[in-house]
Amino acid sequence: MSLIHPNCVSQSQFAPAPLSFRGARRRTKKLSPVRIFNLAAAGRSLVSSNQTESKTLQLGKSSKAMEQLDFERGVCVPFRKYSPETVRNKVLESRGAIASLMLRGVEIVWNLGLYWTSLMYDCFVGRDEEVVPFRARQLRNLLCDLGPSFIKAGQVLANRPDIIREDYMNELCILQDDVPPFPNQIAFSIIEEELGQPLEAVFSKISSQTIAAASLGQVYRATLRQSGEDVAIKVQRPEIEPIIYRDLFLFRTLASFLNGISLQKLGCNAELIVDEFGEKLLEELDYTLEARNIEDFIENFKNDPTVKIPRVYKQLSGSRVLVMEWIDGIRCTDPQAIKDAGIDVNGFLTLGVSAALRQLLEFGLFHGDPHPGNIFAMRDGRIAYVDFGNVAVLSQLNKQILIDAVVHAVNEDYAEMANDFTRLGFLASGTDVSPIIPALEAIWQNSAGKGLADFNFRSVTGQFNKLVYNYPIRIPERFSLVIRSLLTQEGICFTLKRDFKFLEVAYPYVAKRLLTDPNPALRERLIQVLFKDGVFQWKRLENLIVLAKENVAKMSSNPALQAKAMRSTRNWQFERKLDLTDTIKDGARLFFFDEGIRRQLILALTEDSKLHVQELVDVYRLVEDEIDIPSIAREVVQDLPNVVRDFMLSWSDSVLSDR
């Protein structure tokens, strides 16, 4: 029996044909808003060719698309809610399905066709650029009218510069989940069905109006009869699942006719983009998955006293209803209320940036929709998150490649940075990256040259959007969420404090991770940062230490840690000083056992025919208050047998290799 699940595959099984940037023309300004629909003639030829493909080939392609997603993510998903076959079977299993599909298809094609015709007319009369704001608003309203699937699609497009123009993206960013609520009677009936008992038996009171209404569900506030605790009840819209499945089937059918154009413009099949969207959308529909997401976040932040995650009442929750602890905080959309509550704004923003970076680089599980309505300031200074339907996972490999990209940016190694794009799935395997290297260099030099004071993600993203729109670059769904998450949280920072410097908090956190994280992969990245062109960078080491100490000082002195609510019997674990013990031990091991590192360090100490004692003294002065010499000496003595054993093994290996 095979122990390897079919979803766990090797890259060679589905690696797309190599692409080249050479000969790929840049777009001129007169472009339609959506990139994959630019070539009408190519689309017509693709329709005729696709119609001749067999069903067997279509099934093979659909499974290949899902396999490619799994490989790029670096994870195996043995059981998933979404697959093209599942969607097709769900849609076609009921009587009258064909008629329903045809009616819905006609509605979609008619509305989108009218909109497309208006765009073509604008181009024909030469006013396409003049009416962009109007057409962008028209597109947003059209997506709202077409229902929840299209609202969600619009929200995704608002973060996909590889698919849609930036001016249209900005308009779609307004496309929030604020939609009219459905009647209370229907919502309460769904809650009772999930609970298996009347509302009065569980809740002593429930709000008569919704707290929030979204495209997939709405939220009420209630009080538990048994304990008197306030809770939030999230209830799904009635009969929404068949609508979502039907629209996903139609999306994928349309995408099958656009694969050739998508390959040319994005380097991937259009079906792959629909699969990414469909998988995430069906996950949001299942509230049991959201409950598990919340439990994972609680586990990740269990030893962090600065972050609040609401508790889930699993016994009262189901696939359509989610009951959670009520968060009594201040929304980040109200900066004045935060200040009036006496909350230290600088401290709160530092917590927010650190929590976001921990999710991204440490846990690999991050909140995919941290807009101001989903982040609260607790009155004791903590930061609280709600709404965990949209989360994303980064594998260990993806996290390491992201850190590689940061290291390559620091070292100004733009060729390797371009290769990181391929490893992360932005470019098809085998793509010639040489034309993209100068563009990356220009973006980074222009942004980094301004320094921390003027650096912001929005300016970098704006330049990056032009790059991905001009070349066959696809932004994988999980990284579009990363970009949105960083941009949204930077926006919250600017809302609460206009002169807040995001990177002034982010850099110290990354520096501390590089210096103190015991992960061997991060140790390797630290070495890459400290050596440039074979030369040891003393100044860079000093800067890393200074930044890391700054991170520890900011976090340990944060008002949230001083609040009375934090002084409990729980064993909160938080660093009060920069602990470099493991780093020093690992550095000593590398010096003794790695001949290449030893040679480079000796060269660094004797560079330019002089002994660099002053640099060593400067580094020691920076860390002398952070290290406990007797403690390190004791640990070295305790670890001496292991050191001797490793030395003997290393020596014997070298002897055997010489023979």
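**Salt bridges in the model**

Tutor: A search of the whole structure finds 26 salt bridges. A salt bridge here is a side-chain nitrogen of Lys or Arg within 4 Å of a carboxyl oxygen of Asp or Glu. The model is predicted, so local features need pLDDT of at least 70, side-chain atom pairs count only at pLDDT 80 or more, and totals for chains, interfaces and linings use all residues. Residues are numbered from 1 along each chain as its sequence is written, and side-chain values use heavy atoms, with hydrogens and water left out.

Start with Arg-140 and Glu-171. Their side chains meet in a salt bridge, at 2.6 Å from N to O. The pair links distant parts of the chain, 31 residues apart: Arg-140 lies in helix α5 (residues 132-145) and Glu-171 in helix α7 (residues 166-172). Helices are DSSP runs (H or I, at least four residues), numbered from the N terminus. Arg-140 is buried, at 18% relative accessible area. Buried means under 20% relative accessible area, with a 1.4 Å probe and protein chains only. Glu-171 is buried too, at 12%.

Next comes Glu-284 with Lys-152. The closest N and O atoms of this salt bridge are 3.2 Å apart. Glu-284 is in helix α12 (residues 270-285), Lys-152 in helix α6 (residues 148-157), and 132 residues separate them. Glu-284 is buried at 14%. Lys-152 is buried at 8%.

Helix α12 also holds Glu-271, whose partner Arg-252 sits in helix α10 (residues 240-256), 19 residues away.

Definitions and conventions. Helix = DSSP H or I, 4+ residues; strand = E, 2+ residues; numbered from the N terminus. Buried < 20%, exposed > 50% of the residue type's maximum accessible area, 1.4 Å probe, protein only.
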